[in-house]
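Keep the sequence beside you as you read.

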Amino acid sequence: LEWNAEDPVSDYELQRNTVLEGLQGNRNPFIDNPAFATTIWGGAQAENRFNSVSDCSELFFSEYIEGTGNNKYLEIYNPTGSSIDLSSYDIVMYQNGSSSIAYTLSLSGTIVSGGTFVIENTNEALSVSADLQDNTVMTFNGDDTIALWKSGTAIDVIGQIGTDPGS
């Protein structure tokens with residue numbers, strides 16, 4: 001993998017990655033951060049375009065579990081250096097590829113720096129310890145998109161809003 005370290009990503013490759021994301025709905029992670037190849041396959045250290053998760057300035061989904069029946073969980077991670085009040089955050093669900101919101105779950109409480117906040121389906125059967133239980137947003141399946149909103153703006157999304165992956 002010497003070539004990966006010796007051939008840094010060009011502006012053209014970054015632009016092409018963005019164009020392809022618009023066409024295909026995904027990005028090449030090795031263009032976004034060549035260090036992924038070093039992490040996976042070893043070799044000479046390639047450019048790390050992500051300094052660290054600690055440079056992240058906003059909450060994000062760190063875990064998504066869609067088990068059988070009602071065994072559904074979401075975990076939100078706080079990578080910042082401060083505790084975050086959740087009162088301006090919501091989780092929204094778009095059902096079956098719709099671009100209209102089906103359900104909204106307003107959050108409350110605080111996530112400490114480096115901490116997580118776990119939401120589970122009210123009727124889950126695995127006895128996982130959660131910070132919040134819900135049976136509206138937490139009824140998602142593979143055709144649904146879940147978004148984390150801050151003050152009405154999506155800051156993290158699982159799936160693609162308005163796209164049914166089964167079609």
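Tyrosine 77 faces threonine 116, which sits in strand β7. Strand here means a DSSP run of E with at least two residues, while a helix is a run of H or I with at least four residues; both are numbered from the N terminus. Strand β2 covers residues 72-77, and β7 covers residues 116-121. The two run antiparallel, joined by 5 bridges. Two strands count as paired if DSSP finds at least two bridges between them.

This is a predicted model: local features need pLDDT of at least 70, side-chain atom pairs count only at pLDDT 80 or more, and totals for chains, interfaces and linings use all residues. Residues are numbered from 1 along each chain as its sequence is written, and side-chain values use heavy atoms, with hydrogens and water left out.

Now step back to the sheet. Strands β2 and β7 belong to an open sheet of 4 strands, in the order β1-β2-β7-β8. Its pairing is mixed. At the edges lie β1 (60-66) and β8 (132-134), each pairing on one side only. Neighbouring strands in this sheet are turned by 20° against each other on average, direction ignored. Such angles run from 0 to 180 degrees between N-to-C directions, with axes fitted as lines to C-alpha atoms, for helices over the stretch in contact.

How exposed is glutamate 63? It is partly exposed, because its relative accessible area is 36% (buried is under 20%, exposed over 50%, partly exposed in between, with a 1.4 Å probe and protein chains only). Beyond its neighbours within four places in sequence, glutamate 63 is in contact with Tyr73, Leu74 and Glu75; contact means heavy atoms within 4.5 Å. The C-alpha atoms of glutamate 63 and tyrosine 77 are 8.6 Å apart. Along the chain, these two residues are separated by 14 residues.

A second open sheet has 4 strands too, ordered β5-β4-β9-β10. Its pairing is antiparallel. The edge strands are β5 (103-106) and β10 (153-158). The twist averages 25° from one strand to the next. Strand β9 (residues 145-150) is joined to β10 by 5 bridges. Leucine 148 has aspartate 156 in β10 as its bridge partner.

Phenylalanine 30 lies in helix α3 (residues 29-32), and tryptophan 41 lies in helix α4 (residues 35-41). Phenylalanine 30 is partly exposed at 31% relative accessibility. Tryptophan 41 is exposed at 57%.
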